[in-house]
Amino acid sequence: MLELMKGVDILADVGGIADLAAAKTLFESKLDDANLVKIKTIKNEDALLKIANAIAMCDPDNVFIITESRDDAAYVKEQSLKTGEEKKLAIKNHTIHYDLPEDQGRLVKQTFYIVNEDEDISSIAKKESRADAHAYVKENMKGIMKGLTMYVAFLNRGPIGAKASIPALMITSSTYVQTSGDLLYRNVFSVFDAEVERCGTFFTNIHSQGTNRSEDVPKAKIYMDRSWQTCYSTFCTYAGNTLLLKKGNHRFAVDRATYFKVEEELSEHMFITGMTGPGGRKTYFAGAAPSGCGKTTTAMVGTDFIGDDLAQIWIDDATGTVRAINPECGIFGILEDVNEAGDPHLMVRLRKEGTTVIFSNVLVDENNKPRWVGDGEEIPAKGINFQGEWSPGRKTADGKNVPMSHPNSRCTLLCESIDNYNKEAAESSDGVHIQVVTYSGRDSDTMPPIWVAKSMDEGVAIGASIVSAATATEVGAVGVNRQPWANAPFIPGALGDYMDAQFRFFNSGKIKNKPIMAGLNYFLTEGARGGEGKKLLGEKKDVKVWLGWLELRANGDAEAIETPIGYIPMYEDLKKLFDGIKKEYPKSLYSKQFSFYIDNIVARIDLQNEAFRKDERIPEKIFEIYKTQKAALLKLKEKYGPVVSVEQLAEAAK
Ligand code: OXD
Ligand code: MN
């Protein structure tokens, strides 16, 4: 269990502001007249105390309140260009921001949950005691904004009034963090009090880059205080470490769903997108994938793009439907391999004037144009990237190739700039009706491109069993790892509690219209299917086919072959969908993709089984599912051998 407001509130203690009168006096000493007028709009006492304590703790030279006025946003942008946190690029309203070379991804080894004594946390998370975190904050955040301005924004994680939206304060001395926040979250300054009232809570986030030098990064820390729903971040700027409404607050939202909204809400690392099916019907998907595994691409393949990273999901009692909102309204997308062929909707915004884009950690060439690995254009002769000057063939001191851009370089822009964004649906407080839930990972050798669970329980098991190769989104990550629900890095509590909440949610009698639950895998290689090398068996444009088939299946319009792990598509249905994207789909490719390599699948089941056995409070149900699936797979192997063709799977299903 998680207890809120337990232990010392570090911010209140270090700030030392205990009442509203003291807060007001402090505001009067730090805010100019214009900002004093703005802060008077906010009546929520807890929020005012949090802000006052942040000021008292960080001791900025002055404080700027960011309301929803575009003038405020323009002012912050101007400051960002003045201080050099952002620089202009050739295209109007496009800028470049560089993070320090040591700060190019989430600093997982420096990211901690603050825990009270005897508190359970996820077996794969890092924790620090409240006393140690308290000492760190006191030592490092006191006065950290001396000489700097503090910017305070009142944001919402979701559309105003939606059941699962959660308001949050973003307090930082970085203009880049605020200009990014302005694209990624809805500023709700004038209705902040009402949103807090509706939701019953708000999250608090405090960040400062401090002196922002490479030598400071080793002492950087990112803390999530679950009890006080407050994040702290120091000595870094990479948005995954500093834009705390994203993964910092996502963790609190996971806690809220797991411990306080069981059978009501889920908080997932999922894209949301819609597909238009026969007769113009719309079918919405929510899909999980670990960071850097194709969520943005998948989301934009839909006809009705809603979000590319996070989903707040709930059961609507009136309609008995599963509904979802995107807590964000912008994209913080990975650039590597984004090009005209695979990501046309995104690429046009990155190459043409018309919307604000913040690029980070890419190469800027001689024409002040941002360039990245896999952008599909001719490699430039030289440029500047996050490590300084670059030209092809450049090597580090120890002889390693320096890439043109960092593999985790990003672009930040508004969702509404993307042509297929369905703004009306995305901004609706009713959310969208989710009929398909998918789970995927970077799996080069085991699972087929697509399979549909035979029951809600087996769907939960698909999510629990994601295995994926490490990506550049986390500093220092290597190898192939378990990635339960692709949400594991952001699940604060015991995995068993989270799994239990998943089983309860999807089996809830309140859902009259159950979604289908499916596995997706774009990363199967030739080498794993009898060929050679790491060449993928598919390409980005195939995603449309996989989603298209799931759209049909969710609406009862596609037959399937039943296997021990779920339903797989029939060749003819896929062939028709491939015809629709004007691509050959030979039967031989289908056979490679959908044959079962039994030993691999069984090894994966064994891996999960063993790992979950070590965790506490794991529902017995998962072990039963693994046992049943393994037994059925071994039976197939006994009959057909270690590689079972689709025809044999169909025969066995009869
Ligand atoms: C992200 C991540 O940036 O998950 O979305 O790392
Ligand atoms: Mn993510």
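These legends describe close-up views of one predicted model.

Residues are numbered from 1 along each chain as its sequence is written, and chains are lettered from A and ligands numbered from 1 in the order in which they are written. Local features need pLDDT of at least 70, side-chain atom pairs count only at pLDDT 80 or more, and totals for chains, interfaces and linings use all residues, while side-chain values use heavy atoms, with hydrogens and water left out.

**View 1. The manganese ion (ligand 2) and its donors.** K247 (NZ), H269 (NE2) and D309 (OD) coordinate the ion at 2.1 to 2.2 Å. Donors are N, O and S atoms within 2.8 Å of the metal (3.2 Å for Na, K and Ca); water is not among the atoms, so sites may look incomplete. Along the chain, the donors are spaced K-x21-H-x39-D. K247 sits in helix α10 (residues 247-260), and H269 in the loop between β12 (265-268) and β13 (270-276), 22 residues apart. Helices (H or I, at least four residues) and strands (E, at least two) are DSSP runs, numbered from the N terminus. K247 is buried, at 6% relative accessible area. H269 is buried too, at 0%. Buried means under 20% relative accessible area, exposed over 50%, partly exposed in between (1.4 Å probe, protein chains only).

**View 2. Where domain 2 meets domain 3.** Domain 2 covers 265-330 + 423-653 and domain 3 covers 332-416; the bounds come from an automatic or database domain assignment. Their C-alpha centres lie 30 Å apart. The contact (heavy atoms within 4.5 Å) takes 13 residues from domain 2 and 17 residues from domain 3. About 1,100 Å² is buried between them, 61% of it from carbon and sulfur atoms. This area is the accessible area (1.4 Å probe) that two parts lose on being put together, summed over both. In domain 2, M300, A472 and K540 lose the most area to domain 3, together 38% of what that side buries.

**View 3. The salt bridge of K423 and E416.** Their side chains meet at 2.9 Å, N to O. A salt bridge is a side-chain nitrogen of Lys or Arg within 4 Å of a carboxyl oxygen of Asp or Glu. Between domain 2 and domain 3 the count is 2 salt bridges.

**View 4. The surroundings of T67.** T67 lies in the loop between β1 (62-66) and α5 (70-83). T67 is buried, with a relative accessible area of 11%. Not counting residues up to four places away in sequence, T67 touches K38, D72, N187 and F189.
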